[in-house]
Amino acid sequence: MDWQFIRTIRTAAADAGRAGVDLLLQPQCPVSNENVSSSGELSAAGWRDFHFINEAFCQLSDIPFFSDYGDGVICLSCIATPPQIDLSADARG
Ligand SMILES: [Zn+2]
């Protein structure tokens, strides 16, 4: 049997199941709890009150973290292979 066909059928079944659940249980915005048209959707007020994590970065490589682990934390890549920092360039200004 063609895998693309099976994948299409599975996607259609999942969409139909999700639509059925949305009919039975009114989907709500996870931030504001207002009613929305489909599950996982944010309302306008939800978008307004939603805050992205934007200050959690590796201190050496600036790679963003999914969670805020505090100040001065470095990523696993930098722990495994610390980046070469040219201190003489900082001294020259
Ligand atoms: Zn890093």
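V36 is partly exposed, because 19 other C-beta atoms lie within 10 Å of its own. On this scale a residue is buried if 20 or more other C-beta atoms lie within 10 Å of its own, exposed if 12 or fewer, and partly exposed in between, with C-beta atoms placed from the backbone. V36 sits in the loop between α1 and α2 (44-49). Leaving aside residues up to four places away in sequence, V36 touches P27, Q28, C29, E41 and S43; such a contact requires that the C-beta atoms of the two residues, placed from the backbone, lie within 7 Å.

This is a predicted model, in which local features need pLDDT of at least 70 and side-chain atom pairs count only at pLDDT 80 or more, while totals for chains, interfaces and linings use all residues. Residues are numbered from 1 along each chain as its sequence is written.

L76, by comparison, belongs to helix α3 (residues 76-80). L76 is exposed, since 9 other C-beta atoms lie within 10 Å. Two C-alpha separations that involve these residues are listed below.

| Pair | Separation along the chain | C-alpha distance |
|---|---|---|
| V36 and D22 | 14 residues | 9.7 Å |
| L76 and A14 | 62 residues | 36 Å |

The secondary structure comprises 4 helices and 0 strands, in the order α-α-α-α from the N terminus. Helices (H or I, at least four residues) and strands (E, at least two) are DSSP runs, numbered from the N terminus. Helix α1 (residues 3-24) has 22 residues and spans 32 Å from its first C-alpha to its last, close to the expected 32 Å; the expected span is 1.5 Å times one less than the number of residues. Helix α1 is hardly covered, with 0 buried residues among its 22.

For the protein as a whole, 1% of the 93 residues count as buried. The radius of gyration is 23 Å, whereas a compact globule of 93 residues would have a value near 12 Å. That radius is taken over C-alpha atoms, and the globule rule is 2.2 Å times the number of residues to the power 0.38. Along the principal axes, the C-alpha atoms fill a box of roughly 65 × 45 × 20 Å. Among contacts with a separation of 6 or more, 0% join residues 24 or more positions apart.

The protein is divided into domain 1 (3-49) and domain 2 (52-93), with bounds that come from an automatic or database domain assignment. The C-alpha centres of domain 1 and domain 2 lie 37 Å apart.
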